[in-house]
Amino acid sequence: MATKKKVTRKNSTGNKARAKTRPSKETSPATDNPYISPSFWKAMWIICSISVILEFFIHRHKHFEELESSVLGNMSNWFGFYGLFGLIACSGSILLAKGLSVFLKAKEDYYDDTP
Amino acid sequence: MTLLDNIPPAFLLIIGAFILLLLPATARKTGTIALAFFGFYAVSQLSEGSRIMPEFLGFDLTLLRVDSTSKAFGYIFTLSAFGALIFSWSERSRLQNTAALAYVGSALGVVFAGDMISWYLFWEMMAISSTFLILARNNERSRLAAQRYILIHLAGGLVLLTGILLAIHETGSVAFTKENIYQNATAKNFILIGILINAAAVPFSSWLPDAYPESTVFGGIILSAYTTKTAVYTLVRGFPGEDILIPIGCVMAVYGIIYALLENDMRRILAYSIINQVGFMVCGVGIGTKLAIAGVVAHAFCHIIYKSLLWMSAGAVLYRTNKSKCTELGGLYKTMPITMVLGTIGALAISGVPLTSGFISKTLITAAAEHQNYLWAWLALEVASAGVFLHAGIKFPFFVFFNVDRGLRPKEAPRAMIAGMSLMAFLCIYLGLNPSHLYSILPNNDILTNQNSFYEIYIKHFDHVATMFQMLIFSGLSFFLFLPMLRRTPTISIDFDWFYRKGANLFYCGIDKTFNSINRAAEHIVIKTFLPALARFIITAPASLTVMILRPIWQDSLSADKASIKKHEQKLIARFSSGTFPVAYSAIFILIFIGILIFLGRSSS
């Protein structure tokens, strides 16, 4: 839902900015990039904490009850497992992609001389 | 409607495609949209059962095999064609129009085919007609991409054909059923590989991100829906419960994420996310339980809708800005807000955010993995669902519509494009809110009867909604935490196509070096050395031999006068080379020759 929040917020500021700066047709990239805006981070942290706090009030169904001996199977029933899982899985994918980019990234004209 | 009940929808679209070719622009465009809608209606009129069995090469074909699986695919194929055709009102050319209808028609042909021969024929027709959608971009890059695309698909088709022929030879039946395919292990493996090439399974995946982003705006939307999903359909038919598909699907799902994170081109990001999503379906087919198969069909259905929507929003951006690289795009929300909102709905749906179609279909597959206690598959699929949010859910809209303002001020997408996108966005949310409408057309839907209402999914099982939400929001958090690492660079990523693009060059060089050096060596030895030597030998041998024979005679008769012997030798050699001999010499040679003949004749008898 973060995207939606960001969308509405950006839209309102964007409209103002456009109204003001239309003649010059240029807005500075720094003010336009939402990731450096502190209010965006504040909203992000609030939603994250809400999603964790929400877990106190629900009764979660157990996963993998038949696999009692499996550590991973049990872990999936821990408090906050999904949040942690999302964070680790995504950070892992980003780091893996970053690592692989050393080998896999090539200039755009890399294939120009091939059929 | 008994007439519609007995017409394969494939024929409606393919014949219609060629009739519409003759009409003027507006009539053609309207007619195409009407035809797609009529196709949808025709699918809805089909009653279950197998029929229409013309004879071909001594085999009975089955052009219509109707059950809930084929009907679900038939619905979504015609529906997404309808949406894409509305979208492309202002952009679609005559060639694309015909190619797209023929492509959709042959995809319907595969879906309703009950035998392997008509399956194969429609399968190849899909490959050929879809190539025109790439060629229609009409530049050098797309021409080369289309070339590679058709070569891969023809190769895949041949593998499939080999499998089919082996299966028919083994069983004597052309029926397209799991039992028939599994009779012969070799046939089964060939057919499986042939299908997996079309499903873009790793390592046969690179054709998809190579070709689709080179197609036209309209072509990309149409292409994204059919080839891989007919492959999923054939897997559902022929290989439910095939264990090897579980790891293959998991690898596809994760591979799609990693490459989508590396990519710079927005349509290539979406192409990799197709592989990721098809990975879910392939894994679901591998699990093969009733729930998993229902989940695969549901996911294919929802996937086609939101993936079309994403390709449409990317297509609208490409249409307006003529750019598709994240490094050149950004800040478009200012002038294309409607495209941005609709594209974001697609992005949320593909991420499986609750209340969208992705949530009600993807969770069926993960639940099936969980029920079968496939822990590792379940984990891989959960990683993949988190990763989808990362690359398709946030990365695509963020880098295209937000990020850095690059001063692009394109107009909002044309009205027809917005209409097409709105239809798809509406379906994403409608299906998310009314899961029972989708669940009721699925195969094995009896197992879902207790949990198909809004109340069951979102209120009674609120814990699933909450955990999904938690996972997604933390995935989003990690995207923004790592944003500096995700900064786009104007690069491409090297995929398996390296092996046949760079590899082809290397192969060419290797073959060039090996065979041409053999050629040169052979020329040197045979042409330049051996043949002249042979020629010299043939010219000089008779003269030298005669000289050798005559020298002792001359030495005796001419009292060993070296100078006169030399003179005789030279005279003899000159006569040999000019071929002129006095009669006496000739007579002597003839006598010797006859003597040799008689001697040989004696000794042999």
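1. Start with B:Trp207: a polar atom of its side chain lies 3.1 Å from the backbone oxygen of B:Phe204. B:Trp207 is found in helix α10 (residues 207-211) of chain B; helices here are DSSP runs of H or I, at least four residues, and strands are runs of E, at least two, numbered from the N terminus.

2. A quick word on the ground rules: this is a predicted model, where local features need pLDDT of at least 70, side-chain atom pairs count only at pLDDT 80 or more, and totals for chains, interfaces and linings use all residues. Residues are numbered from 1 along each chain as its sequence is written, chains are lettered from A and ligands numbered from 1 in the order in which they are written, and side-chain values use heavy atoms, with hydrogens and water left out.

3. Is B:Trp207 buried or exposed? B:Trp207 counts as buried because its relative accessibility is 1% (buried means under 20% relative accessible area, exposed over 50%, partly exposed in between, with a 1.4 Å probe and protein chains only). Leaving aside neighbours within four places in sequence, its contacts (heavy atoms within 4.5 Å) include B:Tyr149, B:His153, B:Thr227 and B:Tyr500.

4. B:Lys362 is buried but has no salt bridge, and the nearest side chain of opposite charge, B:Glu382, is 8.4 Å away. Lys and Arg count as positive and Asp and Glu as negative, while His and the chain ends are not counted; a salt bridge is a side-chain nitrogen of Lys or Arg within 4 Å of a carboxyl oxygen of Asp or Glu. Not counting residues up to four places away in sequence, B:Lys362 touches residues including B:Phe280, B:His299 and B:Val388.

5. On to where the chains meet. The contact takes 70 residues from chain A and 75 residues from chain B. The area buried between them is about 7000 Å², and carbon and sulfur atoms give 71% of that; buried area is the accessible area (1.4 Å probe) that two parts lose on being put together, summed over both. A:Phe64, A:Glu108 and A:Tyr111 supply 11% of the area that chain A buries against chain B, more than any other three residues.

6. How many salt bridges cross the interface of chain A and chain B? The rule finds one. B:Lys325 forms a salt bridge with A:Glu108, with the closest N and O atoms 3.5 Å apart. As for helices, α5(A) gives the most to the side of chain A that touches chain B, with 19 residues.

Key
A polar contact is a pair of N or O atoms within 3.5 Å; within protein, one must be able to donate a hydrogen and the other to accept it, and residues adjacent in sequence count only if both atoms are side-chain atoms.
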